[in-house]
Amino acid sequence: MVFYISVVLIGLFVLWGLISPTSLGNSANEALKFTTTNFGWMFLIITFLVLVFMIFLAFSKYGKLKLGKEDDKPEFNNLTWFGMLFSAGMGIGLVFWGVAEPLDHYIYPPMGIEPLTPQAANSAIVFSFFHWGLHAWAIYSLVGLTIAYFRFRKGKKLLISQTLSPIIGDNIQSAKAKTIDTLAIIATAFGVATSLGLGAMQINGGLNQLFGVDINYLNQFIIIVIATILFLLSASTGLEKGIKILSNINVGIAILLLVFVFILGPTSKILEIFTNSLGTYLQNIVSMSLRLTPFKESTWIADWTLFYWAWWIAWSPFVGVFIARVSKGRTIREFIVGVLLVPSLFSYIWFSVFGGTALNLEINTNLSLLEALKADMSSTLFITLNSLPLGFIASVVAVLLIITFFVSSADSATFVLGMFSSNGSMHPTNKVKFTWGILQSLVAASLLLSGGLEGLQTMSIVTALPFSLILVLMIVSLIKELRHEKVYRKPKKH
């Protein structure tokens with residue numbers, strides 16, 4: 001039932017986007033305006049609440065509890081584990097925004113900061129840290145931990161509705177359970193489609209810089225079709241083969257590219273940028289977390305912070321289920337610390353290296369990255385790379401990285417959507433996975449047609465609204481269940 005309802009609803013949306021993209025774009029913009037105007041405050045408060053709760057839980061007495069039986073061991077080693085959750089959780093988005101976001105903040109900074117000033121350059125990196133750091137991974141860790149706890153410790157099915165069983169009951173066939181699981185599928189489909197659309201735009205931008213391929217919807221659609229074939233082939237091999245191998249490849253290529261830019265870019269400046277930005281970010285994290293402009297008309301927070309919070313929330317069912325699936329045998333403390341800190345730190349380094357290099361080039365050379373940003377945001381990464389020694393080779397590596405991230409993210413998503421729509425089966429059939437693989441690619445294509453980047457961002461925010469309330473219920477549900485746990489403390493030695 002959940003499978004068919006979800007497929008029909010998402011299929012109707014795809015038809016709308018393909019038949020009348022202008023109508024879809026206009027309707028989505030109206031929904032976006034309503035959501036950000038009336039519920040922006042809610043996104044900020046819920047996201048901050050989730051971060052505080054996860055930090056508290058990691059250092060509470062429940063941190064020693066295992067996600068599974070007491071003798072369960074982790075299925076994957078730490079490096080593979082980090083690679084899998086990072087590939088699923090950030091991937092394409094980090095590559096797309098690594099250069100583009102800091103440049104955009106430099107020319108269009110947050111309220112009260114003069115554009116194109118040293119202060120604007122500093123805040124550009126700090127806000128990039130803020131958007132891609134602890135808050136994003138707190139959302140993922142909440143959903144992932146709750147699912148892993150109820151599945152591996154309590155024996156529930158791998159469904160979002162099962163994480164709320166202390167509140168709504170155990171019956172997965174109830175109307176409440178089916179509604180929650182359908183919401184999770186729709187949020188996941190649109191969240192992943194946003195990433196796939198960004199990936200298609202970025203690959204198109206890279207091919208334009210390397211080989212002069214035109215940037216247009218037709219070429220982006222062709223890229224989506226080719227990538228879809230690749231990730232469906234990967235999806236047919238299962239979790240232990242396709243996704244595991246791709247995740248390790250992703251991390252390897254990403255680190256290679258990162259080291260290349262760090263060494264050949266302004267190395268000492270990058271280290272200064274990282275140190276200064278991390279200090280400013282940690283010093284202002286609370287005020288940044290709850291910042292709105294109630295007495296001033298400005299869309300900056302809606303365009304950036306609210307978009308990201310909504311995108312992470314929309315992605316959280318997918319990333320949460322996926323990292324839960326690969327985290328059996330770890331303790332709650334190990335899980336939270338690993339999921340919160342390691343990917344966040346990698347994101348900070350990434351923005352310092354790529355964003356810092358781009359800003360340094362813009363400020364201190366004749367390379368006009370801001371003009372390129374205004375013309376086509378997806379090209380800025382490749383223009384930055386081409387300005388360095390061996391830039392052509394680095395650009396080719398970057399395109400390969402985006403493709404592998406594209407394939408692994410979509411592969412992981414088809415696996416998760418398959419589980420959601422197969423009563424929580426940990427081994428969904430290829431038929432179900434292929435259905436979701438094709439549908440999510442069609443959603444990405446229809447969103448690109450209806451509004452390009454803005455269309456992708458808009459639907460992430462709108463679909464995340466109902467799921468943000470489920471995050472609050474997850475916290476309540478987890479607290480209720482943890483209270484029944486018997487946690488034994490070792491006696492103190494005298």
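Let's start at lysine 156, which counts as buried because its relative accessibility is 17% (buried means under 20% relative accessible area, exposed over 50%, and partly exposed in between, with a 1.4 Å probe and protein chains only). Before going on, note that this is a predicted model: local features need pLDDT of at least 70, side-chain atom pairs count only at pLDDT 80 or more, and totals for chains, interfaces and linings use all residues. Residues are numbered from 1 along each chain as its sequence is written, and side-chain values use heavy atoms, with hydrogens and water left out.

Back to lysine 156 and its partner. Aspartate 170 forms a salt bridge with lysine 156, and the closest N and O atoms are 2.5 Å apart (a salt bridge is a side-chain nitrogen of Lys or Arg within 4 Å of a carboxyl oxygen of Asp or Glu). Aspartate 170 sits in the loop between α8 (165-168) and α9 (175-211), while lysine 156 is in the loop between α6 and α7, 14 residues apart. (Helices are DSSP runs of H or I with at least four residues, numbered from the N terminus.) With a relative accessible area of 48%, aspartate 170 is partly exposed.

Salt bridges that share partners join Glu70, Arg153, Lys154, Glu481 and Glu485 into one network. Side chains of opposite charge can pair when their charged atoms come close. Take arginine 153 and glutamate 485, whose side chains meet in a salt bridge of 2.9 Å, N to O. That pair ties together distant parts of the chain: arginine 153 belongs to helix α6 (residues 134-153), glutamate 485 to the segment after α19, and 332 residues separate them. Arginine 153 is partly exposed, since its relative accessible area is 23%, whereas glutamate 485 counts as buried at 13% relative accessibility.

Glutamate 485 also forms a salt bridge with lysine 154, where the closest N and O atoms are 3.5 Å apart. Lysine 154 is partly exposed, at a relative accessible area of 31%. Another member of the network, glutamate 481, has its place in helix α19. Glutamate 481 is buried, at 17% relative accessible area. Leaving aside neighbours within four places in sequence, glutamate 481 is in contact with Tyr149, Phe150, Lys154 and Pro166 (contact means heavy atoms within 4.5 Å). In total, the structure holds eight salt bridges.

Stay with helix α19 (residues 430-482) for a moment, as serine 441 lies there too. Is serine 441 buried or exposed? Serine 441 counts as buried because its relative accessibility is 5%. Not counting residues up to four places away in sequence, serine 441 touches Leu196, Ile224, Thr228 and Phe231. From serine 441 to isoleucine 323 is 118 residues in sequence and 22 Å in space, C-alpha to C-alpha.

Helix α14 (residues 300-325) has 26 residues, so at 1.5 Å a residue it should span 38 Å; its end C-alpha atoms are 36 Å apart, which agrees. (The expected span is 1.5 Å times one less than the number of residues.) Even so, α14 bends by about 50° at serine 316, and proline 317 follows within four residues. (The bend at a residue is the angle between axes fitted to the seven residues ending there and the seven starting there.) α14 is mostly covered, with 25 of its 26 residues buried.

Helix α2 (residues 21-58) spans only 46 Å between its end C-alpha atoms, whereas a straight helix of 38 residues would span 56 Å at 1.5 Å a residue. Where does α2 bend? The bend is at phenylalanine 39, and amounts to about 65°.

Aspartate 72 is in the loop between α2 and α3 (78-89). Aspartate 72 counts as buried, at 16% relative accessibility. Leaving out residues up to four places away in sequence, aspartate 72 touches Lys66, Lys328 and Gly329.

Notes
Helix = DSSP H or I, 4+ residues; strand = E, 2+ residues; numbered from the N terminus.
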